[in-house]
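Dear colleague,

I am handing over the structure that we talked about, and you will find it just below. Please keep it open while you read the notes that follow.

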Amino acid sequence: VDVRCIDNDDLDGFRIEFEFEENPFFFDTVLTKAYKVPNLVDSNGQPELEKIEGCEVHWKPGKDLTQRQVKKKQKSKRGKNAGATRVVTKVEAKPSFFRFFESIPLPGDDDEALGEDAVEELRDKIDTDVELAFALRNEVVPKAILWFTGEAVDDDDDDFDDQDFDSEDA
């Protein structure tokens, strides 16, 4: 129905709200994600991010779009049921737009416990999330009508000057 960006009263961050109509997948009508940025811009022109807080999506039974059920066959290797096959159902995470609403912990003092690769992956996730949040806050929401009409999209044809060509020039 709507996407809103709301700055905190004390300008220490902002909140993005996605408003939905009643639907067959989740109960919520508004999903939010909040960013705590003490001054929104520091002296280097980069946001000083303090916290990223998502919301919980309250899914209707069997309608969670962020996971899928996968059935796997397992063979027993030993015991009285050796060679018997059974089907096990596991729940696996899957990519989804709704993952945007998850909270993201910021790197801290316990980074060494996570491992270098996990910290790098977390930093990449934060960078991507914050870039998207600021694009929504600064470009998409304030210019929503231009995005809707297609006027906000750069047209590659504008990069070239119109020129008349004679068949002899070609």
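Predicted model: local features only at pLDDT ≥ 70, side-chain atom pairs only at ≥ 80, totals over all residues.

To begin with the overall picture, the protein chain has 170 residues, and 22% of them count as buried. There are three helices and six strands, and along the sequence they follow the pattern β-β-β-β-β-β-α-α-α. Among the contacts between residues at least 6 apart in sequence, 47% join residues at least 24 apart.

Strands of a sheet pair through backbone hydrogen bonds, and they can do so either parallel or antiparallel. Here four strands form an open sheet in the order β1-β2-β3-β4, with antiparallel pairing. Strands β1 (2–7) and β4 stand at the edges and have a single partner strand each, so one side of each is left without a neighbour in the sheet. On average, and with direction ignored, neighbouring strands of this sheet are turned by 10° against each other. Helix α2 (residues 116–140) packs on the sheet and touches β1, β2, β3 and β4, while its direction makes about 75° with that of β2.

If you follow the pairing strand by strand, you will find six bridges between β1 and β2, where D2 has E19 as its bridge partner. Strand β2 (residues 13–19) is joined to β3 by seven bridges, and there G13 is partnered by K36. Three bridges then join β3 to strand β4 (residues 51–53), with A34 standing opposite E53. Strand β3 (residues 30–36) also has two faces, a covered one with L31, K33 and Y35 and an uncovered one with V30, T32, A34 and K36.

The structure holds twelve salt bridges, and another of them joins the side chains of E19 and R4 at 2.7 Å, N to O. This pair links strand β2 with strand β1, the two residues being 15 apart. Elsewhere, R99 forms a salt bridge with E102, their closest N and O atoms being 2.5 Å apart; R99 is partly exposed at 26%, as is E102 at 28%.

Finally, please look at D12, which is placed in the loop between β1 and β2. Is D12 buried or exposed? With 11% relative accessibility, D12 counts as buried. Its side chain makes a polar contact of 2.8 Å with the side chain of N8, and, leaving aside neighbours within four places in sequence, D12 is in contact with Y35, K36, V37 and P38.

Technical notes:
Residues numbered from 1 in each chain as written. Heavy atoms only, no water. Buried < 20%, exposed > 50% of the residue type's maximum accessible area, 1.4 Å probe, protein only. Pairing = 2+ DSSP bridges. Axes fitted to C-alpha atoms, helices over the stretch in contact; angles between N-to-C directions. Contact = heavy atoms within 4.5 Å. Polar contact = N/O pair within 3.5 Å; in protein donor to acceptor, adjacent residues only side chain to side chain. Salt bridge = Lys/Arg side-chain N within 4 Å of Asp/Glu carboxyl O.
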